[in-house]
Amino acid sequence: MQQMIIANELRSGEVVFLSEEGNWVNNIDKATVALDIDQANKLLTLAQEAEHNNKVVGAELVEIEAQDKQRFPKDIREAIRVNGPTE
């Protein structure tokens, strides 16, 4: 199972993802992908610290899938969060 951290930047409200460097990025393809539960827990700890420091809000682990070298959240709620409302 592949997971990553998704959140909203506190100042702008934009959807952001936790990168390999521990930064928050807007591009889902630059986010860190956790391949096991230990790595996922480490990412979640970093995200919770960022929430505590008022950098982001709503940080959570989401399951993703990759298609044609692009990443997509599996959950419809998170897909809408990333891509905006559906028509």
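Student: Which residues make up the largest nonpolar core, and how many are there in all?
Tutor: Keep in mind that this is a predicted model, where local features need pLDDT of at least 70, side-chain atom pairs count only at pLDDT 80 or more, and totals for chains, interfaces and linings use all residues. Residues are numbered from 1 along each chain as its sequence is written, and side-chain values use heavy atoms, with hydrogens and water left out. A nonpolar core is a set of buried Ala, Val, Leu, Ile, Met, Phe, Trp, Tyr and Cys residues joined through side-chain atoms within 4.5 Å, and buried means under 20% relative accessible area, exposed over 50%, partly exposed in between (1.4 Å probe, protein chains only). Here the largest one is built from Ile5, Ala7, Val16, Leu18, Ala34, Ala40, Leu43, Ala47, Ala50, Val56 and Ala59, in all 11 residues.

Student: OK, and which element gives the largest share of this core?
Tutor: Helices (H or I, at least four residues) and strands (E, at least two) are DSSP runs, numbered from the N terminus. Strand E1 (2–9), E2, helix H1 (37–52) and strand E4 (56–67) each put in at least two residues. The largest share, 4 residues, is from H1.

Student: How many residues are in the second core?
Tutor: This core is separate, and among its members are Ile6, Val15, Ile28 and Val33. Its size is 10 residues.

Student: Which way do the side chains of E2 go, and are they buried or exposed?
Tutor: Val15 and Phe17 point one way from E2, while Val16 and Leu18 point the other way. As for cover, all of them are buried.

Student: What stands opposite Ala7 in E2?
Tutor: Two strands pair if DSSP finds at least two bridges between them. E1 and E2 run antiparallel, joined by 3 bridges, and they form a hairpin with 5 residues between them. Opposite Ala7 you'll find Val16.

Student: What is the bridge partner of Leu18 in E3?
Tutor: E2 and E3 also pair, in the antiparallel sense, over 2 bridges. They form a hairpin whose turn holds Gly22, with a positive phi of about 85°. The partner of Leu18 is Trp24.

Student: Where is Glu21, and what is its relative accessible area?
Tutor: Glu21 lies in the loop between strand E2 (15–18) and strand E3 (24–25). Glu21 counts as exposed, because its relative accessible area is 64%.

Student: Last one: what pattern does the protein follow along the sequence?
Tutor: The secondary structure comes to 2 helices and 5 strands. Read along the sequence, the pattern is β-β-β-α-β-β-α.
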